[in-house]
Amino acid sequence: MNYLAGVPSVQSRQPSKKQCLDPPAQQEDSTVDEGKDGEADDPKGDSAEDQPRRGGRFSKNAKGTIPVRPTLIAFYPPQWAKLLNLAKAHMRLYVAVEDAFPRLEDAVGGQCQEVLMEVIAHFEAQGWEVEAGYYPTHKLDMCRLLFNDMQTFRSDLKKVVMKSLRADYELYPPSTAKTEEERIAAVKKKADDLLSTGKYLRGEPDDQGRASNFAHRALKNITLAFYYANTSKCLCQFPEFQEYVPYKALALVTAMVHALLSLFRKHGIDKSAQVNLQDIEEGYIALNEAISNVLDHPHHGPKLNAMLVDWAPTGMTGYVMKHKPTERMTNEFAPVLD
């Protein structure tokens with residue numbers, strides 16, 4: 001797949017014609033604060049214009065003592081940062097429509113490198129110059145930066161899901177629950193009911209009284225808020241999201257919803273920090289199969305396709321998440337093909 005198809009050639013992406021000298025050698029003890037998994041996180045993760053610039057290998061942390069690693073966007077000068085932010089967007093597209101859980105050993109030398117080379121070739125074709133001395137010296141670092149951003153991408157999805165989850169699934173205890181134990185038990189019961197019956201997947205029945213799979217308002221809210229957000233790396237800038245929501249993109253959102261609802265079923269309170277990547281991946285695999293089953297059905301397949309086509313223009317025109325006012329079993333992934 002060519003991940004540069006449909007890339008807008010906007011003037012804001014055009015680098016200046018200046019070339020910089022090769023950056024000086026990096027000290028071997030360069031460190032930054034690392035995330036829980038020992039991988040350096042990309043601060044903010046947005047376009048270079050949105051981030052304070054720091055000068056290559058001389059970059060310091062907030063206290064001005066530790067150089068920034070070349071696996072962080074802040075390490076690179078402005079035009080390289082623009083190039084890498086575009087590459088990040090294309091890697092996010094790959095995660096959303098091709099493979100949501102690529103392995104490090106395969107991705108860094110595979111898809112990450114392929115996307116990086118495509119974006120560099122795109123810049124060259126446009127006549128956009130970047131600062132000298134960073135490539136190919138930091139080619140592997142750039143690929144690792146792109147891989148690390150996949151983790152940020154999933155973390156961003158988790159945050160969007162949590163903003164919608166309680167309101168759209170009404171994960172609130174009743175007013176009759178007086179003690180903390182009663183409130184927690186009530187939320188656990190609600191989450192269990194949503195999961196064990198598969199209600200978290202379904203919207204209102206259609207005009208024939210038949211189930212509407214993957215049509216719950218929470219799934220729509222989250223899908224549009226996440227993929228169609230107004231950011232430099234939003235996926236609605238790509239043709240793949242402009243006419244319909246891709247199936248795998250829907251499966252990824254739904255898998256995150258399932259994983260977080262499962263934590264509410266277990267704990268009754270927000271334990272989103274404990275979400276397990278393997279649980280999300282397992283749900284993703286099961287939900288892709290469930291979507292395939294729906295698509296094979298003569299009534300529900302066309303209905304699902306029509307819904308995903310209908311969602312896309314809503315997102316493209318600027319979707320605002322709205323909530324309805326409110327006070328692991330096999331069938332948790334099972335559509336209703338009535």
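Predicted model: local features only at pLDDT ≥ 70, side-chain atom pairs only at ≥ 80, totals over all residues.

**Helix packing and local backbone**

Modeller: Helix 6 passes helix 8 in a right-handed crossing, meaning that the near helix is turned clockwise from the far one by less than a right angle. Helices here are DSSP runs of H or I with at least four residues, numbered from the N terminus.

Biologist: At what angle do the axes of helix 6 and helix 8 cross?

Modeller: They cross at roughly 115 degrees and come within 10 Å. Axes are lines fitted to C-alpha atoms over the stretch in contact, with angles from 0 to 180 degrees between N-to-C directions.

Biologist: Which residues make the contact?

Modeller: Helix 6 contributes L219, I222, T223 and Y227, while helix 8 contributes A249, L250, L252, V253, T254 and V257; contact means heavy atoms within 4.5 Å. Eight of these residues are nonpolar, two polar and none charged. Ala, Val, Leu, Ile, Met, Phe, Trp, Tyr, Cys and Pro count as nonpolar, Asp, Glu, Lys and Arg as charged, and the others, Gly among them, as polar.

Biologist: Turning to helix 10, which residues are buried?

Modeller: The buried residues of helix 10 are H300, G301, L304, M307, L308, W311, A312 and G315, where buried means under 20% relative accessible area, exposed over 50% and partly exposed in between (1.4 Å probe, protein chains only). They lie on the same side of helix 10, because they cover an arc of only 145 degrees around the axis, taken from the directions from the helix axis to the C-beta atoms.

Biologist: And what covers them?

Modeller: The cover includes helix 6 (217-227), helix 7 (239-242), helix 8 (247-267) and helix 9 (277-295).

Biologist: Another topic: where does F214 lie, and is F214 buried or exposed?

Modeller: F214 lies in the loop between helix 5 and helix 6. F214 is buried, with a relative accessible area of 0%, and has a positive phi of about 60 degrees although it is not a glycine.

Biologist: What about E170?

Modeller: E170, also not a glycine, has a positive phi of about 55 degrees. E170 is partly exposed, at 29% relative accessible area.

Biologist: Which residues does a cis peptide bond join?

Modeller: Y135 and P136, with omega at about 10 degrees. P136 is in the loop between helix 3 (111-126) and helix 4 (139-168).

Definitions and conventions
Residues numbered from 1 in each chain as written. Heavy atoms only, no water. Helix = DSSP H or I, 4+ residues; strand = E, 2+ residues; numbered from the N terminus.
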